[in-house]
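Welcome, and please bring the structure up in your viewer. We will take a short walk through it together.

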Amino acid sequence: FQKTEAPRPPGAKDLHAYPWDKSSLKSMPVDLQQLEKLDAYALKVNVTNSVEELVKALLKQARTDLEKVRAIWIWICHHIEYDVVGYHNKSQLSSKPRDVLQMGKSICEGYAELFEHMCSLAGIQCKKLSGHAKGHGYKTGQTFTGDSDHAWNAVYLEGRWHLLDSTWGSGSVDDSFTKFTYRYNEFYFLTHPALFINNHFPDNSNWQLLKPTLTLKEFENNMLHNSNFYTLGLLAARPDTPIIRTVNGKASVSVDCRPGTLFMFKLKGKDEHGLMTLKRHGMELDIYPQKTGSHKLEIFAKPSKAEAADDVYKCVLEYVVECESVDKAMRFPKELHQPVGPSWFSERQGFLRPSHSQPVLHTNDGRCSLTFTLSKDISVLTSLHADGSSSLSEDMGRRHVLQIHRRNQIELKVHLPHAGNFVLKIYSRKKSDPGNYDYIFNYLIRCLNTEVKWPAFPQSYSKWLQDYEILEPLSGLLPANRNVQFKLKMHGVAKVLVQAENTYPLTQNKGCWEGTCNTSGCREVFVMVHENANHSFYSHVLKYEVETQ
């Protein structure tokens, strides 16, 4: 063992700029892949009779100072557990390195002292630091008073001081503070000081290793980004203070991140009263609480290309929304799915160049039309949903949206049955794949005009092909005792008939089948086709209802 000299205090060359420059999560370059062999070795070292023997065993595979520190770090994070019982009864607790090793558990004090002692045996300068931490039991927006409540370390590597926290690197404690779970966290090894300050405030501000240093007040007011926030590649969040007051019943949050991150949110534990849109480089969320008072808002994220099985949504941000007044007009239908509107995700599923890039469509006359270019050979299914007493049956929900295909373009015509808030859901499946349709995305459609009352589109049957088009009549409800003009764009059929009380043949003219039918004396009108001139049977393709007198 080499003798280490007394640690020098941090100086100008140890300092990092604040705020974080979004470069690296660590304060020096660390090639984790190169350390894999060493990590695996350190993990298996099983020496607990003395700290000296343990360090000797760990150093067998470590050459550089970084490797020595790494071996000690990996061993402590995987072999010392947090002492939840001792935490509640500190008088019985020893944080002497020898005792911590023998017991195999401790609180932060013991982790930090063991780390410091093992480093000094390995000839590496290391210092135990103490201060305030936004750790277990931290409440959004709280202040810190009195003695420090956490301990961690600084290590001296390659001529500079670096920070680490082996307590938080080893795992986590449950909400009731009765059970510790080993869950290794790479984030707290040589963390960039501008990120470490997010939840560690040292008693001696020089050990922030920052220029400029933060005051305790700034530390208290700053938004807590937990380690998931950074390990998922998120870069910034607005607002950057944890308490948001609503303005006219609305609060807004946005997150910047690297492309391809999926988000969700919970307001008081439920994903409602919000409108979240996914952006190429992040997300935007507007919250409209429907009660005044304080509401906990949690934001979750996960990578869209789930590499590992444990890629579940992880909480990355927590806000408190203080709601002073409620915007009742912004009640959203229960059927609304987050995120709302088109995004890179719907694009990836084959829906390109949306005519409406915003999540909410406003219509005054109760009609709207959306177009997309389809980049894949997909079948599309759509449905319209309303809330409460006016909710639509599944069949009617489908029939208030009409699909029109022109080559690789799709148009969705929507006719609302009444005023209100509606959800237009869009599903798809590969044509080559006979399975179920997958939900892709949805829009919110709003209409305030109470005069609006559009009937459904006509019902179509399986012989009505995707690239056929109804030019008229678009309404599925025909007036009684009237002559009605028909104009249908269809190909590959020999004859088209409209069957009311009598039968009316349509004539072909420039790719359209046209003609008139009289609706008197019948309740239903069918459009039928002869697919082949030699066939004697007709197939039903469309069905209209006729208004009752």
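What follows looks at a pocket, an annotated stretch of chain and some salt bridges.

Please keep in mind throughout that this is a predicted model. Let us begin with the second largest pocket, whose volume is about 760 Å³. It is lined by 28 residues, and those closest to the pocket centre are Val380, Gln403, Ser460, Tyr461 and Trp464. By residue class, the lining of this pocket comprises 14 nonpolar, eight polar and six charged residues.

Where does the lining of the second largest pocket come from? Domain 3 (344–447) and domain 4 (459–546) each contribute at least three residues to it. In terms of secondary structure, at least two lining residues come from each of strand S22 (378–386), helix H12 (394–399), strand S23 (401–406), strand S27 (459–460) and strand S28 (469–472).

How buried or exposed is each partner? Glu394 is exposed, with a relative accessible area of 59%, while Arg398 is partly exposed at 33%.

In total, the structure holds 23 salt bridges.

Another of them pairs Asp14 with Arg8, where the closest N and O atoms are 2.9 Å apart. Here Asp14 counts as buried because its relative accessible area is 0%, and buried means under 20%. Arg8, by contrast, is partly exposed at 25% relative accessibility.

Now turn to residues 100–168, which UniProt lists, in an unreviewed entry, as "domain: Transglutaminase-like". This stretch is 30% helix and 33% strand, and its end C-alpha atoms lie 16 Å apart.

Finally, look for the salt bridge between the side chains of Glu113 and Lys128, at 3.3 Å from N to O. This pair links distant parts of the chain, 15 residues apart: Glu113 belongs to helix H6 (residues 108–121) and Lys128 to strand S4 (residues 126–133). Glu113 is partly exposed, with a relative accessible area of 22%, and Lys128 is partly exposed at 23%.

Methods:
Residues are numbered from 1 along each chain as its sequence is written. This is a predicted model: local features need pLDDT of at least 70, side-chain atom pairs count only at pLDDT 80 or more; totals for chains, interfaces and linings use all residues. Side-chain values use heavy atoms; hydrogens and water are left out. On a 1 Å grid over the protein atoms alone, a cavity is a set of points where a 1.4 Å probe fits but cannot get out, and a pocket is an open set with protein on both sides within 12 Å along at least five of seven lines; lining residues have an atom within 4 Å of a point. Grid points are joined across faces, edges and corners, and a volume is the space filled by probe spheres set on the points. Helices (H or I, at least four residues) and strands (E, at least two) are DSSP runs, numbered from the N terminus. Ala, Val, Leu, Ile, Met, Phe, Trp, Tyr, Cys and Pro count as nonpolar, Asp, Glu, Lys and Arg as charged, and the others, Gly among them, as polar. Domain bounds come from an automatic or database domain assignment. UniProt positions are given in the numbering used here, feature names are shortened, and annotations may be inferred rather than shown by experiment. A salt bridge is a side-chain nitrogen of Lys or Arg within 4 Å of a carboxyl oxygen of Asp or Glu. Buried means under 20% relative accessible area, exposed over 50%, partly exposed in between (1.4 Å probe, protein chains only).
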